[in-house]
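Welcome! Take a moment to look over the chain shown here, and then follow the notes below from the whole fold to a single strand.

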Amino acid sequence: MLVLTRKVEESVLIGDNIEVKVLLVKGSGKQASVRLGIVAPEGIRVLRSEVLIETAEENRRAARTVAPGLSDVEPAQGSGKAGKGGPEKQS
Amino acid sequence: MHVVKTSRFGEVRYDPERVIRFPRGILGFEHLCRYILLNCRESDRFKWLQSVEDPTLAFLLFDPSPDFPDYWPPVNSTDLAELDLPSLESAIVMCIATVTGPPSYATANFQAPLLINVSSRLGKQVVTGLPSYKTKQAIFHSALVQKTG
């Protein structure tokens, strides 16, 4: 990890078109918080990092889903139906 | 045709040409990239995304649009490019559902929907990070209640 010290109103540049600026520092010690302003191109998403952890956790919970009322399934797109000629290959 | 011996549905035969690839995997399961989409005969609001690499892994997917017509996740140009999508309208947008207790407690992750391009067979989970969309959005659908008898 690259570690830099910035004062309020100072910024860091990442690559050609990302800027992170320190706008405000509040509090002190463990309660301190920093307000950051971020400029990034439209195609680059900026997220609080906890969001990725929370998403992974929710996905893991979702993987344990039990829904017996929804177990009559068939592959989507009806690929097994008419359209492809010839006999099916034995696997 | 290939076969995957799934834990939920038994043997499922599928056309390997229909496998959907998630190049980045799905968060929490980054090592698994190949899935097939299964329709539910009981309900067209739900589909399953079944891993063809891990037969025990499947995600129940919920279509938000009928109940949430204004749901429009902020997808960016990188998301579209990664999936070869000309626009969001060409994609299937579905939310991963969590049903681990009574059906009335079912939720779906509206904050991080799945985006699937069926024609290019590519998919990704778009983590929007938007606080206005819930990771645990309550959903209820009669199909979740198993009919008895």
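Of the 149 residues in chain B of this predicted model, 39% count as buried. The notes start with the whole chain and then turn to one strand, β6(B), with 5 of its 5 residues buried.

**The whole chain**
- Chain B contains 1 helix and 11 strands.
- Reading from the N terminus, the order is β-β-β-β-β-β-α-β-β-β-β-β.
- The radius of gyration of chain B is 15 Å, close to the 15 Å from the globule rule for 149 residues, so the chain is as compact as a globular protein of that length.
- The C-alpha trace of chain B spans about 50 × 35 × 25 Å along its principal axes.
- Among the contacts in chain B with a separation of 6 or more, 49% join residues 24 or more positions apart.

**An enclosed strand**
- Why is β6(B) described as largely enclosed by the rest of the structure? The reason is that 5 of the 5 residues in this strand, residues 58–62, are buried.
- In a regular strand, side chains alternate between the two faces of the sheet.
- On one side of β6(B) sit A58(B), L60(B) and F62(B), on the other F59(B) and L61(B), and all of them are buried.

**Its partners**
- β5(B), residues 43–51, pairs with β6(B) in the antiparallel sense over 5 bridges.
- These two strands, β5(B) and β6(B), form a hairpin with 6 residues between them.
- Opposite L61(B) in β6(B) you will find K47(B).
- β6(B) also pairs with β7(B), residues 92–98, in the antiparallel sense, over 3 bridges.
- There, A97(B) in β7(B) is the bridge partner of L60(B).

Definitions and conventions
Residues are numbered from 1 along each chain as its sequence is written. Chains are lettered from A and ligands numbered from 1 in the order in which they are written. This is a predicted model: local features need pLDDT of at least 70, side-chain atom pairs count only at pLDDT 80 or more; totals for chains, interfaces and linings use all residues. Helices (H or I, at least four residues) and strands (E, at least two) are DSSP runs, numbered from the N terminus. The radius of gyration is taken over C-alpha atoms; the globule rule is 2.2 Å times the number of residues to the power 0.38. A residue is buried if 20 or more other C-beta atoms lie within 10 Å of its own, exposed if 12 or fewer, and partly exposed in between; C-beta atoms are placed from the backbone. Two residues are in contact if their C-beta atoms, placed from the backbone, lie within 7 Å. Two strands pair if DSSP finds at least two bridges between them.
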